[in-house]
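Biologist: I would like to learn how to read a few features of this structure. Please take them one at a time.

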Amino acid sequence: MDNSKQENALPEDHELELKLPHLLFTKTVRELYGKIVNEWDSLKKSACQTAAGRALWKHVIHDPLADVLAGETYLRNLHEKITKDRHNNARETSGVILAVRTLWFDSKIEAALDSFGGAAQVVLLGAGMDARAYRLSCLKESDVFEVDFPEVLQVKAALLQAALESTEHLRMMAKSLTSVAADIRENDWLEKLQISGFVPEKNTVWVLEGIIYYLSHSQAMQVLKIVADKCTLTHTVLLADFMNKASTTLSSSIFRFYSDWPDHLLPSLGFSHVKLSQIGDPDAHFGLMHDPLNLFNKLRNLPRSAETNPDDGTPCCRLYLVQASGSPNQTISLSTIPM
């Protein structure tokens with residue numbers, strides 16, 4: 001991708017047209033999305049919103065399954081916001097944070113697997129409508145586990161089946177894919193994961209993308225401690241995004257857990273190496289953050305101790321992208337992973 005031509009990091013005008021695949025209008029898919037609209041709560045529906053972000057930023061993210069996993073409603077909603085932003089010459093375009101986050105997780109998963117030098121496990125906690133097992137070639141030697149609510153996994157499986165039956169070239173990239181019906185807010189998800197074939201002693205990349213801030217403090221800490229404990233057994237990498245306290249005010253009814261200093265929190269739990277990035281940093285840029293007055297660029301240049309923006313007095317709402325690692329002999333270091 002030629003970064004010099006990105007400007008506001010938007011696709012060309014003709015790519016802004018919303019082209020919905022025929023599959024979305026089939027009876028099977030319409031019935032499945034009827035369940036989502038009528039039966040799912042806001043946490044579950046956020047999975048479709050994330051898929052819409054990947055679908056409508058297809059000029060930088062290749063995810064051929066994102067359209068069907070997002071559904072018509074969420075595609076139209078985000079497309080309307082992107083179009084409005086484009087016409088208003090907005091500095092921050094709707095969905096750009098999802099695009100950067102997706103690309104960051106993709107790149108760090110690949111780097112972590114490379115650092116292991118071979119087969120590994122990848123566990124997606126709160127997997128939602130993630131389709132990495134079908135689009136990342138770096139997973140070809142990895143066993144992938146998707147942990148989420150049973151109703152989410154059931155609808156997702158049906159949508160994937162419909163997509164795979166209608167498109168010949170779609171195939172799974174991962175060595176294997178196992179769905180684990182479990183709620184990570186409960187105490188039994190690790191047991192269910194192991195019953196499904198997860199091996200605690202095998203090198204593992206744990207992915208918490210767009211999920212941990214929906215948990216209560218005690219629930220989030222429990223999940224982080226369970227993952228951190230695996231550092232005593234094998235090479236372990238955690239990839240996660242954290243909100244700071246101000247960000248939780250963006251939705252008082254949904255976002256709960258926060259950490260202003262996750263790079264201090266994670267070592268206290270047992271990780272030996274932690275690296276924190278903010279949107280717009282060199283490893284969290286991807287040619288999408290050129291405008292120096294972009295909100296994310298302004299925030300990353302402020303000390304993290306600053307709680308309000310000196311320009312306008314607004315709260316500094318930050319999203320941290322964090323990679324942490326550990327192992328029994330503490331020899332693995334994320335500083336050796338290409339950034």
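The turns below go through the sheet, the domains and the salt bridges.

Modeller: This is a predicted model, in which local features need pLDDT of at least 70 and side-chain atom pairs count only at pLDDT 80 or more, while totals for chains, interfaces and linings use all residues. Residues are numbered from 1 along each chain as its sequence is written, and side-chain values use heavy atoms, with hydrogens and water left out.

Biologist: What is the order of the strands in the open sheet?

Modeller: Strands of a sheet pair through backbone hydrogen bonds, either parallel or antiparallel. Helices (H or I, at least four residues) and strands (E, at least two) are DSSP runs numbered from the N terminus, and two strands pair if DSSP finds at least two bridges between them. Here seven strands form an open sheet in the order 3-2-1-4-5-7-6, and the pairing is mixed. Strand 3 (176–181) and strand 6 (273–278) are the edge strands, each pairing on one side only.

Biologist: Over how many bridges do strand 6 and strand 7 pair?

Modeller: Strand 6 and strand 7 (residues 319–326) are antiparallel, with six bridges. Val274 has Ala324 in strand 7 as its bridge partner.

Biologist: Which strands does helix 10 touch?

Modeller: Contact means heavy atoms within 4.5 Å. Axes are lines fitted to C-alpha atoms, for helices over the stretch in contact, and angles run from 0 to 180 degrees between N-to-C directions. Helix 10 (residues 262–269) packs on the sheet and touches strand 5, strand 6 and strand 7, its direction making about 160° with that of strand 6.

Biologist: How is the protein chain divided into domains?

Modeller: Domain bounds come from an automatic or database domain assignment. For this chain, the assignment gives domain 1 (22–88) and domain 2 (100–326). Their C-alpha centres lie 20 Å apart, and 24 residues of domain 1 are in contact with 26 residues of domain 2.

Biologist: How much area do domain 1 and domain 2 bury between them?

Modeller: Buried area is the accessible area (1.4 Å probe) that two parts lose on being put together, summed over both. For domain 1 and domain 2 it is about 2200 Å², 81% of it on carbon and sulfur atoms. On the domain 1 side, Leu43, Leu65 and Leu69 lose the most area to domain 2, together 27% of what that side buries.

Biologist: How many salt bridges are there between domain 1 and domain 2?

Modeller: Side chains of opposite charge can pair when their charged atoms come close. A salt bridge is a side-chain nitrogen of Lys or Arg within 4 Å of a carboxyl oxygen of Asp or Glu. Between domain 1 and domain 2 the count is two. Lys44 forms a salt bridge with Glu151, their closest N and O atoms being 3.4 Å apart.

Biologist: Where do Arg76 and Glu72 lie?

Modeller: Both are in helix 4 (residues 72–87), four residues apart, about one turn of the helix.
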